[in-house]
Each structure stands twice: as structure tokens, then as C-alpha cells.
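Me: I would like to learn how to read a fold from its coordinates. Where do we start?

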Amino acid sequence: GYGEVLDGGGASGAKPLYSPPEWMPDDDALECQCCGMPFTSIRRRHHCRRCRNLVCSDCSAHRRQVLALGVRAPQRVCEECVGQLETENAFVSRSVPLLVKGAGFFWVGTLQRQYVWVRLTDDLRVLMLTPCPTSGSSPSTTYGMHDVNDVRLKPNRLEVAMSGRTVVLEGGPCREWGRALWTAMEMGRKPPLKERVEEGRRKRREAASVR
């Protein structure tokens with residue numbers, strides 16, 4: 001899930017895709033959240049700029065963009081986040097602009113074949129099909145991305161499968177757009193980053209309480 005899409009930009013002015021986790025307070029971590037080694041006057045605390053957990057310098061030696069949080073300048077990120085950022089940054093930098101801008105397709109129905117402009121809303125939650133040329137009598141047809149079960153690529157055809165319905169699109173950039181839409185579907189199925197981080201912290205607290 002994408003959580004709450006923010007209106008403002010991050011440190012670099014880029015638009016965040018979802019809400020950031022809360023910064024972990026210094027007093028909440030006596031040890032690195034990655035390797036488990038205790039913090040000391042030499043092994044000091046550092047915040048990962050993605051999950052915002054407290055980690056040691058050895059576990060936060062990487063510097064990466066965090067585009068989903070609106071930050072383009074390379075930032076300190078932890079070992080657990082760095083592996084996820086390659087896919088996440090590629091999605092934000094390439095797929096999101098493509099999906100939000102949209103593309104023209106022929107929408108193939110049972111009785112007609114209509115040219116439409118297909119795009120996702122800025123929060124990536126709604127798929128919109130707008131007849132071209134637009135007119136007041138032909139409003140956009142919308143589908144929630146949470147209803148999308150599969151995105152299938154076929155020769156010169158893109159099929160978006162939902163419960164009880166399949167939207168068939170032809171004549172546009174099916175391969176490029178279909179791959180981007182499939183990635184949006186898969187990423188949208190995950191809990192928002194903020195929720196995942198909070199759940200991880202809760203589990204660590206529970207584990208520490210039974211030691």
C-alpha cells in the first residue's frame with residue numbers, strides 16, 4: 001500500500017509517494033536494529049533515512065536516494081532497506097510518471113472498440129479510462145486498484161483482470177505500460193512502509209521483553 005500521499009516535497013522538493021515512519025527515539029534503542037550490537041560511545045547511533053530506525057555506522061554505510069519519501073540526494077540507509085531501494089527507486093522514477101501521465105489505448109468491449117486515455121490517479125489508487133475526445137456526456141470510467149487481481153500481457157494487448165471483469169486494452173504501449181501497472185499492483189498489495197516499520201519495532205520490543 002502507498003499510505004497517505006503527501007502534498008509537499010521532501011528535502012529535495014520531490015513529491016513523496018507515501019508517509020514516512022516516525023523517527024525512532026534515541027532512548028528506544030540500546031542496540032543496532034540491524035546487527036544487534038549494543039551502542040557505545042564508539043559504536044554510535046545513526047538513523048536510516050528510509051525506515052528511520054537506529055542503526056550503527058557499519059550497518060548504515062550505504063548512501064542511496066529515497067525517492068518514495070521525496071528525497072533525491074543520496075542518504076544514509078541501513079542494510080535492511082538498501083536491498084529494497086533498487087526496486088522502489090526504479091518504480092518511483094520510471095513507472096510512476098508513466099502511469100500518472102497515462103497513454104492512449106483502444107478499450108475493447110463486447111459491443112464496441114473505443115479510444116480512451118488510461119492513467120492512474122496521483123495516489124496510484126484508481127485506474128481511469130477517459131474517452132477521447134472528452135465530452136460531458138462521456139465521463140471517465142474508474143476502477144480501484146485494490147480490485148485488480150492480475151495484469152496480463154499478450155501480443156499487442158493488455159488485460160487488467162478484476163473480480164468479475166477484465167478490461168482489455170489494445171493499440172497503445174502495452175508492454176511498457178503493462179509492466180509498470182503490474183508493479184504498481186504488486187507494490188500496492190504490501191502494507192504501507194510506515195505500518196511495516198511500526199510492526200517490526202513492536203516485534204523487537206516483544207522479543208527484548210522476554211530475554
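Reply: Start with a cut-off: a residue counts as buried when its relative accessible area is under 20%. The model here is a predicted one. In helix α1, the buried residues are Cys81, Val82, Leu85, Glu88, Asn89, Ala90, Phe91, Val92, Ser95, Val96, Leu99 and Val100.

Me: What do the buried residues of α1 pack against?

Reply: An α-helix has 3.6 residues a turn, so residues three or four places apart point the same way. Here the buried residues of α1 pack against β3 (62–66), β4 (71–77), β6 and α2.

Me: How many residues does α1 have, and where is its kink centred?

Reply: α1 has 23 residues, and its first and last C-alpha atoms are 33 Å apart, close to the 33 Å expected at 1.5 Å a residue. A kink of about 45° is centred on leucine 85. After α1 comes glycine 102, with a positive phi near 90°.

Me: In what order do the strands of the sheet come?

Reply: Strands of a sheet pair through backbone hydrogen bonds, either parallel or antiparallel. In this model seven strands make an open sheet, ordered β8-β7-β6-β5-β11-β10-β9, with antiparallel pairing. The edges are β8 (141–144) and β9 (148–154); each has a single partner strand, so one side of each lacks a neighbour in the sheet. From one strand to the next, the twist averages 30°. Between β9 and strand β10 (residues 157–162) there are six bridges, and lysine 154 has arginine 157 in β10 as its bridge partner.

Me: Which strands does helix α2 lie across?

Reply: Helix α2 (residues 174–188) lies across β5, β6, β7 (126–131), β9, β10 and β11 (165–170), at about 155° to β9. Helix α1 (residues 79–101) also packs on the sheet, where it touches β5 (103–108) and β6 (113–120).

Me: Which residues touch the most other members of the largest nonpolar core?

Reply: They are Leu127, Leu129 and Trp177, in a core of 54 residues. The most is given by α1, with eight residues. Beyond four places in sequence, the contacts of tryptophan 177 include Leu98, Phe105, Val118, Leu127 and Leu158.

Me: Which residue in the loop between β6 and β7 is worth a check of phi?

Reply: Most residues other than glycine have a negative phi. Leucine 124, in the loop between β6 and β7, has a positive phi of about 65°. Its relative accessible area is 1%, so leucine 124 is buried. Arginine 52, in the loop between β1 (46–47) and β2 (54–55), also has a positive phi, near 65°. Arginine 52 counts as buried because its relative accessibility is 16%.

Key:
Residues are numbered from 1 along each chain as its sequence is written. This is a predicted model: local features need pLDDT of at least 70, side-chain atom pairs count only at pLDDT 80 or more; totals for chains, interfaces and linings use all residues. Side-chain values use heavy atoms; hydrogens and water are left out. Two strands pair if DSSP finds at least two bridges between them. Helices (H or I, at least four residues) and strands (E, at least two) are DSSP runs, numbered from the N terminus. Axes are lines fitted to C-alpha atoms, for helices over the stretch in contact, and angles run from 0 to 180 degrees between N-to-C directions. Contact means heavy atoms within 4.5 Å. A nonpolar core is a set of buried Ala, Val, Leu, Ile, Met, Phe, Trp, Tyr and Cys residues joined through side-chain atoms within 4.5 Å. Buried means under 20% relative accessible area, exposed over 50%, partly exposed in between (1.4 Å probe, protein chains only). The expected span of a helix is 1.5 Å times one less than its number of residues. The bend at a residue is the angle between axes fitted to the seven residues ending there and the seven starting there.
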